[in-house]
Amino acid sequence: MNDAVLATAGLTRSFTQGGATIEVLRGIDLAVAPGEIVALLGPSGSGKSTLLQAVGLLEGGFGGSIRIGGDEVSKLDSDARTQVRRDRIGFVYQFHHLLPDFSAAENVVLPQLIRGAEPAPAKVRAEALLSALGLGHRLTHRPSQLSGGEQQRVAVARALANRPALVLADEPTGNLDEATADIVFDEFLRLVRDEGSAALVATHNERIAMRMDRVLRLHEGRLE
């Protein structure tokens, strides 16, 4: 646990709806080792996205402990959480959420500039990542000029731009057809491994889950 990139202990999350309390996460204990790619497998509504939102420090209201790189981060204030997300975590979502008015390269440069990188090395880094994903010929294209698979490749490059210790991916190929999803996921796995990041990947796809290092199954808010 002390060496884990990500570790949670007793992680809980509940909501009140119509006077009733709904427990979404019911005491989650997990650990992801450096360089490990872990599948979080479960059907829709099992709490996968809620768990990723918790460990990604995207919202509050969670109970229990969250450690990233050995540091307790669950009780940090808003500014400190933002810094952890910026410096240590990369995010890939089912929908790419690219900035439509920026080129593929600019979408990957921008998070580096926000972190404080100089423009020239940020551009070199962006072009290297995109080229590694087969997009070296699409650097100046805007998202609207790219296919769905290409857009998601840009999102993968953006997630890895700041060399995060941890990548969180929520159904990263769920919006693609099966053939394209297989190609993009292969490239995602290869690039995450090449970069040396750890990853926690939420999916409902058993076939994709089995291609990762380890599978955690989430059912009714508990890991099985």
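Q: Which residue's side chain does the side chain of S74 join in a polar contact, and at what distance?
A: This is a predicted model: local features need pLDDT of at least 70, side-chain atom pairs count only at pLDDT 80 or more, and totals for chains, interfaces and linings use all residues. Residues are numbered from 1 along each chain as its sequence is written, and side-chain values use heavy atoms, with hydrogens and water left out. A polar contact is a pair of N or O atoms within 3.5 Å; within protein, one must be able to donate a hydrogen and the other to accept it, and residues adjacent in sequence count only if both atoms are side-chain atoms. The side chain of S74 pairs with that of K75, at 3.2 Å.

Q: Is S74 buried or exposed?
A: S74 sits in the loop between β5 (71–72) and α2 (78–88); helices (H or I, at least four residues) and strands (E, at least two) are DSSP runs, numbered from the N terminus. Buried means under 20% relative accessible area, exposed over 50%, partly exposed in between (1.4 Å probe, protein chains only). S74 has 13% relative accessibility, so S74 is buried.

Q: Which residues does S74 touch, not counting those up to four places away in sequence?
A: Contact means heavy atoms within 4.5 Å. On that cut-off, S74 touches G64, S65, I66 and R81.

Q: Which residue's backbone oxygen lies 2.8 Å from a polar atom of the side chain of S46?
A: S46 is in the loop between β3 (37–41) and α1 (48–55). S46 is buried, at a relative accessible area of 4%. Beyond its neighbours within four places in sequence, S46 contacts V24, L218, E220 and G221. The backbone oxygen at 2.8 Å belongs to P43.

Q: How far apart in space are P43 and E220, C-alpha to C-alpha?
A: P43 also lies in the loop between β3 and α1. At 49% relative accessibility, P43 is partly exposed. Its contacts outside four places in sequence are K48 and L218. P43 and E220 are 177 residues apart in sequence, and their C-alpha separation is 9.5 Å.

Q: Why is α1 described as largely enclosed by the rest of the structure?
A: The buried residues of α1 are K48, T50, L51, L52, A54 and V55. α1 is largely enclosed because its buried share is 6 of 8 residues.

Q: What is the phi of L57?
A: L57 follows α1 and is in the loop between α1 and β4 (63–68). L57 is buried, at 2% relative accessibility. Phi is positive in this residue other than glycine, near 60°.

Q: Is R163 buried or exposed?
A: R163 lies in the loop between α5 (148–160) and β7 (166–170). Its phi is positive, near 55°. The relative accessible area of R163 is 58%, so R163 is exposed.

Q: At roughly what angle do the axes of α4 and α6 cross?
A: R125, L129 and A132 in α4 meet R190, L191 and E195 in α6. The axes of α4 (residues 119–132) and α6 (residues 178–195), lines fitted to C-alpha atoms over the stretch in contact, with angles from 0 to 180 degrees between N-to-C directions, come within 10 Å and cross at roughly 135°.
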